[in-house]
Every structure is written in structure tokens, then in C-alpha cells.
Amino acid sequence: MKPIEEKPDTKDSDIEWDVSHKHLKPGENITITGNTKPDTRINMIVRFNVAVAVHDGRYSHDFRKVHIPEGPNEFKVQTRPVKNMTFTVKMLMPFRQHRDAEESVATYIDTNVPSGTFNINISGDAQENTETIQMDVKASQVIRADPEGNISYTYDTTPFRPGIVEIEIGNDKKEVELIGED
């Protein structure tokens, strides 16, 4: 695993920010605004969990229209309790990575992912007698404040199911609830 190349350069306490909505439907955008020191690079982390039903010993979940921004980023997926996980990005030629589980947890991490909008499938074999597996997703990226120190970033929620999305910038975490049908 390669580290994120462009490191954030703020002290966690130097950032003030908020989100546009605390409750919205999947597919609506979250806008993050705030301020810090001018031209500062800031690490933003988004976390969410998905419960995935198991059928005939297998699980599968599609994330549609996942936008990967330019610049330093990291994407991490963990599934549990499972035997393995296959991470597939659907492009012109599918990109697949297979991970065997360690102590019933399979982990896939990728850094500095090329930018674009992709469909992603995560699938595999669940542990015996498992009806639902838990999928934990963490995406991080570096965003930049403008010359006046303003932060403005729009995050598309299309790939998310209803539930809680946690956004972390600096020492502050905020939760956004996605409500309604997915």
C-alpha cells in the first residue's frame, strides 16, 4: 500500500466546517463548506456501513456511479464474517482484486486511485450459517481551501444506501442520515 502522496497541512483545530443537510435522500448531494488558512490541504474522510444479505453462502453488493476525485485518495473496504472478498471495478476491462479473509474479515485497500466515475461490485463467500455480512467502507481524500481559506466541496450520495454517513475533517465528525428508498 502506497501512502497518500500529498499530505494535509493543517492542524486539526484550524478548520471550521459544516454540511448542507443532516437528512437527505440517496442521490442528493452533500455540500461541505467552511474555512481554514488560505490554500491549505485538508484530509476529508467519509465512512459508512452496509448490511448485505447472504444467498446460498454468497454475498454481493453493487455501488453505482462512484465518483473518485483527482488527487490523493484512499479507498478501504472490509467485509465480515466472510471467507473472502472480490473487489471488481467495472471499466472497459474489469479490474478485479481477490482477498482471503483473516479471522473472518476480508480487507481491500487502494490508494491514489485514478479519477473517474465507476461501478463497483464487492462479492464473495460468507462464513457458514451467516445470513447477513457487514461491509465497512472508508474513503479519504485531500481537498484544498481557496486563496481566502474557504472550503467548498460537493459529495454525491448516489452510491449510498439509506443509513448514516460519517464525515470527518480535522477533529470534527458530523453524521448525515440518508433516508428513503435506495
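Let's start at Ile122. Leaving out residues up to four places away in sequence, Ile122 touches Tyr59, Ser60, His61, Phe63, Val77, Thr79, Met85, Thr86, Phe87 and Met135. Keep in mind that this is a predicted model.

Next, Ala139. This residue lies in strand E11. Is Ala139 buried or exposed? Its relative accessibility is 18%, and buried means under 20%, so Ala139 counts as buried. Look at its surroundings. Not counting residues up to four places away in sequence, Ala139 touches Met44, Ile45, Val46, Glu74, Phe75 and Tyr155. Take Phe75 from that list. Ala139 and Phe75 are 64 residues apart in sequence. In space, their C-alpha atoms are 4.6 Å apart.

Now to Thr130. You will find it in the loop between strand E10, 116–125, and strand E11, 132–144. Thr130 sits in a loop, and at 16% relative accessibility it counts as buried. What does its side chain reach? The side chain of Thr130 reaches the backbone oxygen of Gln127, at 2.9 Å. Setting aside neighbours within four places in sequence, Thr130 is in contact with Val54 and Pro81.

Pro81 deserves a stop of its own. A cis peptide bond joins Arg80 and Pro81. Omega there is about -20°. Pro81 is in the loop between strand E6, 73–80, and strand E7, 84–90.

Strand E6 also holds Asn73. How accessible is Asn73? Relative accessibility is 4%, so Asn73 counts as buried. Its side chain has two backbone oxygens to look at. The backbone oxygen of Pro69 lies 3.3 Å from a polar atom of the Asn73 side chain. For the backbone oxygen of Gly71, the distance to a polar atom of that side chain is 3.1 Å.

On to backbone angles. Two aspartates come up here. Asp39 has a phi near 55°, a positive value in a residue other than glycine. Asp39 lies in the loop between strand E3, 29–35, and E4. At 38% relative accessibility, Asp39 counts as partly exposed. Then there is Asp56. Its phi is positive too, about 55°, and Asp56 is not a glycine. Asp56 is found in the loop between E4 and strand E5, 58–68. Is Asp56 buried or exposed? Its relative accessible area is 82%, so Asp56 is exposed.

Last stop, the surface. Which residues form a nonpolar patch there? Met91, Leu92, Met93 and Phe95 do. Together they have about 480 Å² of accessible area. Phe95 lies in strand E8, residues 95–100. With 31% relative accessibility, Phe95 counts as partly exposed.

Thr130 is in contact with Pro81, and Pro81 is joined to Arg80 by a cis peptide bond. On the surface, Phe95 is one of the residues in the nonpolar patch.

Note on methods: Residues are numbered from 1 along each chain as its sequence is written. This is a predicted model: local features need pLDDT of at least 70, side-chain atom pairs count only at pLDDT 80 or more; totals for chains, interfaces and linings use all residues. Side-chain values use heavy atoms; hydrogens and water are left out. Helices (H or I, at least four residues) and strands (E, at least two) are DSSP runs, numbered from the N terminus. Buried means under 20% relative accessible area, exposed over 50%, partly exposed in between (1.4 Å probe, protein chains only). A polar contact is a pair of N or O atoms within 3.5 Å; within protein, one must be able to donate a hydrogen and the other to accept it, and residues adjacent in sequence count only if both atoms are side-chain atoms. Contact means heavy atoms within 4.5 Å. Patches are made of residues with over 30% relative accessible area and no salt bridge: like charges are joined within 9 Å, nonpolar side chains (Val, Leu, Ile, Met, Phe, Trp, Tyr) within 5 Å. Accessible areas come from the Shrake-Rupley method with a 1.4 Å probe; for residues, only the protein chains shown count as cover. A salt bridge is a side-chain nitrogen of Lys or Arg within 4 Å of a carboxyl oxygen of Asp or Glu.
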